[in-house]
Amino acid sequence: MATPDQQLATMIANIPEKTGKSLQDWIDIINASGLQKHGEVMALLKDEHGVSHGFANLLVAKSKETGEDVDWVAEQYSGAKAGLRSVHDAIVLYANALGGDVEIAPKKASVSLRRKKQFALITPATKSRVDLGLALKGDEPSGRLEAYNPMCSHRVRLESAAEFDAEVKAWVQEAYNRAG
């Protein structure tokens, strides 16, 4: 089975055959449209050019690449959320101490903590709060440990690094253990 990187490379190589234009041609079309929002560009490609959903999504993503690496964590904790960076850093420091197999995967709006699978998600939710999602499926929510969403069954709301205490660390440890 191909890795995600191999699948992406195959899809990129197939753009001309499957869409009738090169990647650069599509990027030029997207840039000339003046559209900025992902959904608007998707609609343009699908409705006006007959591009399939998968290729349209890939073309939009490629059109937004600048070639520059983005420090998503710095972006997340800039401006009004800058004071929450210490919460993020405390969680990451603890997670890294759990084992050498922890992968820290920043995204645009959150940071995923993975082992064989995701066990936690750090999200600066508001100007004053970080949501720490935890994969603790089957555990009953109680106290600070709330029900959350399908990706992370539970969450803890943290407003300071001091709130990342022994109780929360125990939940992170348990989520880490289950992800192995």
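Buried means under 20% relative accessible area. I kept that cut-off in mind while going through this predicted model.

**Entry 1: Ser-112**

I looked up Ser-112 and found it in strand S2, residues 111-114. Is Ser-112 buried or exposed? Its relative accessible area is 0%, so Ser-112 is buried. I then checked its side chain. A polar contact of 3.4 Å links the side chain of Ser-112 to that of Arg-114. Next I listed contacts, leaving aside neighbours within four places in sequence. Ser-112 touches Glu-103, Ile-104, Ala-105 and Lys-107, and also Gln-118, Ala-120 and Leu-121.

**Entry 2: Lys-169**

I moved to helix H8, residues 166-178, which holds Lys-169. Lys-169 has a relative accessible area of 30%, so I noted it as partly exposed. Which residues does Lys-169 contact, once neighbours within four places in sequence are left aside? I found Tyr-94 and Phe-164. I also checked Ile-91, which lies 78 residues from Lys-169 along the chain. The C-alpha atoms of Lys-169 and Ile-91 are 8.4 Å apart.

**Entry 3: H3 against H5**

I turned to a helix pair. Helix H3 covers residues 23-33 and helix H5 covers residues 53-64. Their axes are 9 Å apart, at an angle of about 75 degrees. Angles of 65 to 115 degrees count as roughly perpendicular, so I logged H3 and H5 as roughly perpendicular to each other. Which residues meet? From H3 I noted Leu-23, Trp-26, Ile-27 and Ile-30. From H5 I noted Leu-59, Val-60, Lys-62 and Ser-63. By class, this contact has six nonpolar residues, one polar and one charged.

Key
Residues are numbered from 1 along each chain as its sequence is written. This is a predicted model: local features need pLDDT of at least 70, side-chain atom pairs count only at pLDDT 80 or more; totals for chains, interfaces and linings use all residues. Side-chain values use heavy atoms; hydrogens and water are left out. Helices (H or I, at least four residues) and strands (E, at least two) are DSSP runs, numbered from the N terminus. Buried means under 20% relative accessible area, exposed over 50%, partly exposed in between (1.4 Å probe, protein chains only). A polar contact is a pair of N or O atoms within 3.5 Å; within protein, one must be able to donate a hydrogen and the other to accept it, and residues adjacent in sequence count only if both atoms are side-chain atoms. Contact means heavy atoms within 4.5 Å. Axes are lines fitted to C-alpha atoms, for helices over the stretch in contact, and angles run from 0 to 180 degrees between N-to-C directions. Angles under 35 degrees count as roughly parallel, over 145 as roughly antiparallel, 65 to 115 as roughly perpendicular and the rest as oblique. Ala, Val, Leu, Ile, Met, Phe, Trp, Tyr, Cys and Pro count as nonpolar, Asp, Glu, Lys and Arg as charged, and the others, Gly among them, as polar.
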